[in-house]
Amino acid sequence: MARILTITANPLLDFLSSQALVPGKVTRCPALSPMAAGKGINVARVLQRHGHQTCACFFAGSHTGAMLSEAVAADGIPTLAIPTRARLRIGLISAANENQAQGSLLEDGFAVEEDEAQALLDAVNGRIADQDLVIISGSVPDPRLQQLYAKIAAECQNQQVTCWIDSYGAVMDAALDSPHPPSLSKPNREEYAMGSQWANVEELHITDGGKGTTIRRPEASYQLSPPPVQEINPVGSGDCYLAGLAHARLSGWELSDQFRYAAACGAANAARWDVAQIAPGPAIDVLLPQVRISEAR
Ligand SMILES: Nc1ncnc2c1ncn2[C@@H]1O[C@H](COP(=O)(O)OP(=O)(O)OP(=O)(O)O)[C@@H](O)[C@H]1O
Ligand SMILES: [Mg+2]
């Protein structure tokens with residue numbers, strides 16, 4: 001069992017409706033169920049289900065923030081919730097079930113003031129020394145936070161704890177361009193195309209849904225073919241891939257088995273309608289032999 005801290009600067013409280021939205025009509029539904037969403041929270045959930053000791057750190061402002069903290073805690077994940085004056089963003093997912101296509105509406109982000117960003121840094125810095133791995137996932141809710149990930153990565157380096165970042169755009173470039181870049185990143189193909197500093201990361205996984213993944217490590221590059229599955233909802237597959245990779249690496253598995261497990265976790269998620277609700281077991285195991293790995297020096 002390992003200790004992993006995940007950081008989600010831009011989480012979301014999603015409201016899930018079983019009825020599809022019909023434009024121009026009032027649609028009644030029995031309930032709008034609140035659901036925790038956020039990339040690092042997804043990673044923490046999957047790792048927690050693999051038996052690791054995780055902690056999910058995130059901004060959580062006002063009443064919607066309190067609802068998010070409650071939902072994450074209800075999943076059995078210890079939380080480190082940092083209050084903001086602005087309320088946490090919300091989203092609406094309509095008709096999210098196995099029979100109907102899913103549509104969603106979501107707010108972009110929320111304001112984070114300087115003292116609130118500092119409170120997150122202080123909370124994280126106080127926890128880093130106890131961790132085997134720190135994983136930062138997703139975007140930032142406020143453009144003023146562009147140095148946030150670079151600062152966390154620097155503190156991880158200071159305290160000699162491994163830091164992985166799965167993000168994109170200016171905040172990712174700033175972390176990669178800093179004196180202490182993360183040791184691993186996992187952009188998808190589109191995010192990779194947006195960045196300019198990927199050369200600075202030691203290990204890079206460029207995923208592309210059901211198509212091949214390219215991995216660049218110092219000793220070699222690898223190509224992964226994911227196992228074929230009937231895709232239902234690929235949202236969160238990158239988070240499941242990263243959680244699977246972290247689980248396999250922290251368990252000391254061979255490199256090829258780490259890649260195989262990561263790809264199987266991503267695919268197992270894509271084959272379900274819900275997001276990052278996979279757990280160890282047959283749904284992942286059955287896919288392992290179908291992952292193909294080749295090396296390209
Ligand atoms: N349709 C699919 N079939 C098989 N494997 C898939 C499929 N979709 C995703 N995967 C697996 O999950 C991995 C990550 O998927 P993807 O590239 O979509 O991540 P992502 O865009 O970062 O997702 P997110 O950010 O929503 O978590 C892929 O490399 C692959 O191993
Ligand atoms: Mg992703």
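Is His 63 buried or exposed? The views below, taken from a predicted model, begin with this residue.

**View 1. His 63 in helix α2.** His 63 is part of helix α2, which covers residues 62-74. His 63 is exposed, because 10 other C-beta atoms lie within 10 Å, and a residue counts as exposed at 12 or fewer.

**View 2. Packing of helices α3 and α4.** Helix α3 (residues 114-128) packs against helix α4 (residues 148-158) at an angle of about 20°, and the two axes are 10 Å apart. The pair is therefore roughly parallel, since angles under 35 degrees are classed that way. The crossing of α3 past α4 is right-handed.

**View 3. Residues at the α3-α4 contact.** From α3, the contact draws on Ala 117, Leu 121, Val 124, Asn 125 and Ile 128. From α4, Leu 148, Lys 151, Ile 152, Glu 155 and Cys 156 take part. By class, seven residues of this contact are nonpolar, one is polar and two are charged.

View 4. Helix α7 runs over residues 237-250, and its 14 residues should span 20 Å at 1.5 Å a residue. The end C-alpha atoms of α7 are 20 Å apart, which agrees with that expectation. Of the 14 residues of α7, 13 are buried, so the helix is largely enclosed by the rest of the structure.

Technical notes: Residues are numbered from 1 along each chain as its sequence is written. Chains are lettered from A and ligands numbered from 1 in the order in which they are written. This is a predicted model: local features need pLDDT of at least 70, side-chain atom pairs count only at pLDDT 80 or more; totals for chains, interfaces and linings use all residues. Axes are lines fitted to C-alpha atoms, for helices over the stretch in contact, and angles run from 0 to 180 degrees between N-to-C directions. Helices (H or I, at least four residues) and strands (E, at least two) are DSSP runs, numbered from the N terminus. Angles under 35 degrees count as roughly parallel, over 145 as roughly antiparallel, 65 to 115 as roughly perpendicular and the rest as oblique. A crossing is left-handed if the near helix is turned anticlockwise from the far one by less than a right angle, and right-handed if clockwise. Two residues are in contact if their C-beta atoms, placed from the backbone, lie within 7 Å. Ala, Val, Leu, Ile, Met, Phe, Trp, Tyr, Cys and Pro count as nonpolar, Asp, Glu, Lys and Arg as charged, and the others, Gly among them, as polar. The expected span of a helix is 1.5 Å times one less than its number of residues. A residue is buried if 20 or more other C-beta atoms lie within 10 Å of its own, exposed if 12 or fewer, and partly exposed in between; C-beta atoms are placed from the backbone.
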